[in-house]
Amino acid sequence: MLGTMKPRVLVVDDELGVRRALQRGLTAEGMEVVVAADGPGALDIARTGAFDVILLDIMLPGLSGYRVLQRLRAEGVSTPVLLVSAKDGEIDQADGLDLGADGYLVKPFSFVVLVAQVRAVLRRGLADGADRRLRVGELVVDRAMREVRFAGSLVALSPREFAVLEVLAGRAGTVVTKDELLRSVWGDELAATRNAVEVYVGYLRRKLDAAGAGGIVRTVRGHGYVASSSELDAVLEPGRGR
């Protein structure tokens with residue numbers, strides 16, 4: 001993720017109390033936290049590739065954490081995953097690691113240890129994070145190739161337009177303010193203003209509209225912009241209050 005953004009963590013657990021506790025704790029540690037309560041929802045959110053680490057409980061309704069991880073890796077989503085389980089058997093841990101997990105935490109765990117493991121995974125992920133693809137519906141942002149495709153067709157963007165989309169897709173489903181875009185895309189260029197953000201978001205939208213990707217980048221009046229899809233909306237909207 002971009003250096004000016006907070007680390008983004010997806011917490012997946014079917015227990016409301018656990019989700020809330022981890023959301024509060026990790027937010028206090030300076031991280032941005034998104035939560036999911038079941039396997040299918042977690043899979044839809046995680047497919048975006050827009051997270052720095054996923055805390056994934058194994059026992060989930062709809063689809064187990066093992067299956068969620070297996071599908072993510074099969075689809076080429078390389079986001080680091082820490083599996084969380086009440087099972088402490090060696091075979092259980094080995095199965096999770098064989099499927100592509102980056103770590104395994106046994107419940108009940110110390111929050112201090114959990115944060116230490118998350119930070120260790122984040123440090124390891126800094127080197128290859130820029131190579132990850134971001135997905136919002138049929139829109140794919142290839143960070144390594146600096147390319148954008150919608151439904152397989154190339155969408156030609158200027159470097160600045162690409163940078164704006166990279167920030168929005170990198171926080172898919174979350175509102176990004178104009179000031180955050182200004183800091184992330186323009187950095188220390190003092191000549192840039194919020195108006196510049198509006199102008200380039202307008203350029204980006206017109207090109208996405210022409211490619212058939214209209215509606216992916218939206219304005220949230222009074223707040224900023226969000227990149228999302230109908231599938232992501234269906235999962236995130238009900239889950240924000242859980």
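**Entry 1: Terms and a tyrosine**

I count a residue as buried under 20% relative accessible area, as exposed over 50%, and as partly exposed in between. The model I am examining is a predicted one. I looked up tyrosine 200 and found a relative accessible area of 25%, so this residue is partly exposed. Tyrosine 203, at 35%, is also partly exposed. For tryptophan 186 I noted 7% relative accessibility, which means that this residue counts as buried.

**Entry 2: Aromatic pairs**

I asked how many aromatic pairs a search of the whole structure finds. The search gives 2. One is formed by tryptophan 186 and tyrosine 200, with 5.7 Å centre to centre and 70° between the planes, and I recorded this pair as edge-to-face. Tryptophan 186 belongs to helix α7 (residues 178-186) and tyrosine 200 to helix α8, so the pair ties together parts that are 14 residues apart in sequence. Tyrosine 200 also pairs with tyrosine 203, again edge-to-face, at 5.2 Å centre to centre and 80° between the planes. Both of these tyrosines lie in helix α8, 3 residues apart, which is about one turn of the helix. I therefore marked Trp186, Tyr200 and Tyr203 as a cluster linked by ring pairs.

**Entry 3: Helices α7 and α8**

I recall that two packed helices are described by the angle between their axes and the distance between the axes. For α7 and α8 I found that the axes come within 9 Å and cross at roughly 85°. Angles of 65 to 115 degrees count as roughly perpendicular, and α7 and α8 are therefore roughly perpendicular to each other. From α7, the contact is made by Lys178, Asp179, Leu181, Leu182 and Trp186, and from α8 by Arg194, Ala196, Val197, Glu198, Tyr200 and Val201.

**Entry 4: Helices α6 and α8**

I then turned to helix α6 (residues 159-169) and helix α8 (residues 194-210), whose axes come within 9 Å and cross at roughly 90°. This pair is therefore also roughly perpendicular. In the contact, Arg160, Glu161, Val164 and Leu165 of α6 meet Tyr200, Val201, Tyr203, Leu204 and Lys207 of α8. By class I noted 6 nonpolar, no polar and 3 charged residues.

**Entry 5: The antiparallel sheet**

Which order do the strands of the antiparallel sheet follow? I read the order of this open sheet of 4 strands as β6-β7-β8-β9. Strands β6 (133-136) and β9 (153-154) stand at the edges with a single partner strand each, so one side of each has no neighbour in the sheet. I found 4 bridges joining β6 to strand β7 (residues 139-142), and the two run antiparallel. Arginine 133 stands opposite aspartate 142 in β7. Helix α6 packs on this sheet, where it touches β6, β7 and β8 (147-150), and its direction makes about 110° with that of β7.

**Entry 6: The parallel sheet**

I counted 5 bridges in the parallel pairing of strand β1 (residues 8-12) with β2. Leucine 10 stands opposite valine 34 in β2.

Key:
Residues numbered from 1 in each chain as written. Predicted model: local features only at pLDDT ≥ 70, side-chain atom pairs only at ≥ 80, totals over all residues. Heavy atoms only, no water. Pairing = 2+ DSSP bridges. Axes fitted to C-alpha atoms, helices over the stretch in contact; angles between N-to-C directions. Parallel < 35°, antiparallel > 145°, perpendicular 65-115°, else oblique. Contact = heavy atoms within 4.5 Å. Nonpolar A, V, L, I, M, F, W, Y, C, P; charged D, E, K, R; others polar. Phe/Tyr/Trp six-rings, centres within 6.5 Å; stacked < 30°, edge-to-face > 60°. Buried < 20%, exposed > 50% of the residue type's maximum accessible area, 1.4 Å probe, protein only.
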